[in-house]
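Trainee: Could you walk me through this structure, step by step?
Mentor: Gladly! Have a look first, and then ask away.

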Number of protein chains: 2
Amino acid sequence: MQRRYPASRTGRPRSAAADTAILAATRQALVDLGWSGLTLSDVAVRAGVAKTTLYRRWAGKNELVVDAVAELFDELTLPDRGSLAADIEGVVLQFAAILARPEARSGLMAVVAEATRDEALRERIRASIVDRQKRLVIAGRTRAQQRGELPPESDADRSARAVDLIFDMVAGSVVHRTLVSNQPADEEWVHGLTRVLLSGLAASAR
Amino acid sequence: MQRRYPASRTGRPRSAAADTAILAATRQALVDLGWSGLTLSDVAVRAGVAKTTLYRRWAGKNELVVDAVAELFDELTLPDRGSLAADIEGVVLQFAAILARPEARSGLMAVVAEATRDEALRERIRASIVDRQKRLVIAGRTRAQQRGELPPESDADRSARAVDLIFDMVAGSVVHRTLVSNQPADEEWVHGLTRVLLSGLAASAR
DNA sequence: GCCATTACGCTACGACTCGTAGCGAAAGCA
DNA sequence: TGCTTTCGCTACGAGTCGTAGCGTAATGGC
């Protein structure tokens, strides 16, 4: 999650340290106050910057929180555990660990809710959070095909639909388990999810 | 979704019409303004009641929106289409139709986000929204067992875990598809979801 | 080394929302 | 007719919002 500013040739550059401090302060404020309690004035004080600096860099609370939460997903990687099932379980457990953190819990759903009425925000979420997750699905699928665990897909359109379905099933299940049912997505649960998903995919491919 | 007030023997009773008008006004305000734009003053004006009346009945915005959104799920029923697969597809399509409505989209995720920091609100959501959905899963499972489509479950603990998993997978997938991926959960998609889910359950039961 | 340019911290501001208090009137029940 | 509770209305202090203005700090170009 690297923010890029137009490379202005001259003038004082924006402090990169301020960005870091602001996003960290935003996450801490999410933990302490939750989404509705979070105010930009408070974040500014926590980060040790002026409130006006915040408004110079972000359009508002929504955009700020998206960026702050997006950084949490930077750590997501696809482990190589030798089999498709093990790979899925590994990445899902990472995802679950992120969703267990309070700054993710209160921030993520809130921006998704706001995004239902804001096309630009939806695009920002897609680019900085969703696409990164989806890339893991594609990579895992490709690797499984190379291993011979999944048949190579010829039809690109069918393949894209399959990836979309898997993605929504995996991410949706974990999010729902964690945030709605409010129960931990622990190893046992993830194992059950993976088993149903994989045998379902194998069976429905035939 | 019937609101119950303590049956006070005497005094002027609360207007039931006001409840109806307030909840309808809340949903319309969600459509027009979204979660963050919704104010209780505005809802009061739309409903034609005084702002103080709102505060006498609901503790705040969160509780009001939960009740307003919960009414949307009243229409969920388990259809009898003759097979487990068809039943699931039917109820999922109903669920998707509700989530396609803007008042549900902007309201549901917002209260879930708020609930991450509010135990009482979480309980309110569980009782008025989540449990009702889960009951459909249980009913569908029971009916399928009676039909012989699923083996009767002896172990109550295993059965409960299976129901929880199915519930999170179905509801989570539809919510994620609709609100995060922002694509319609249409018949084709629901059909794919059902196929993967059912063959996965059948295979993993062995 | 000087200058143009941009970012920063600070203060102040009007507009708005929040949730509550107080009051008289209305609507039921005995 | 009394008693009780709800209702509509007004007013209020507290807090937040996003912006404007100004002097200062930190760069790159010359």
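Trainee: Let's begin where the chains meet. How many residues does the contact take from chain A and from chain B?
Mentor: Keep in mind that this is a predicted model. Residues count as in contact here if their C-beta atoms lie within 7 Å. On that basis, the contact takes 38 residues from chain A and, from chain B, 38 residues.

Trainee: Which helix of chain A gives the largest share of the side that touches chain B?
Mentor: Several helices take part: helices 1, 6, 7, 8 and 9 of chain A each supply at least two residues of that side. By class, the side has 17 nonpolar, 13 polar and eight charged residues. The largest share, twelve residues, comes from helix 8 of chain A.

Trainee: Why can we say that the copies meet through the same surface?
Mentor: Compare the interface residues of the two chains. Those of chain A are also interface residues in chain B, so the copies meet through the same surface, and the share for which this holds is 100%.

Trainee: What kind of axis relates chain A and chain B?
Mentor: Superposing chain A on chain B takes a rotation of 180° with 0.0 Å of shift along the axis, and the RMSD is 0.0 Å. That is the relation of a two-fold axis.

Trainee: Which residue of chain A comes closest to the rotation axis?
Mentor: Here we go by C-alpha positions. At 1.8 Å from the axis, the closest residue of chain A is A:G200.

Trainee: How far apart are the centres of the two domains of chain A?
Mentor: Chain A is divided into domain 1 (16–57) and domain 2 (70–205). Six residues of domain 1 are in contact with six residues of domain 2. Taken over C-alpha atoms, the centres are separated by 29 Å.

Trainee: Last one: how many of the 14 residues of helix 6 of chain B are buried?
Mentor: A residue counts as buried if 20 or more other C-beta atoms lie within 10 Å of its own. Helix 6 of chain B is largely enclosed by the rest of the structure, because the number of its 14 residues that are buried is 13.

Note on methods: Residues numbered from 1 in each chain as written. Chains lettered and ligands numbered in written order. Predicted model: local features only at pLDDT ≥ 70, side-chain atom pairs only at ≥ 80, totals over all residues. Least-squares fit on C-alpha atoms with pLDDT ≥ 70 in both. Contact = placed C-beta atoms within 7 Å. Helix = DSSP H or I, 4+ residues; strand = E, 2+ residues; numbered from the N terminus. Nonpolar A, V, L, I, M, F, W, Y, C, P; charged D, E, K, R; others polar. Domains from an automatic or database assignment. Buried ≥ 20, exposed ≤ 12 C-beta atoms within 10 Å, placed from the backbone.
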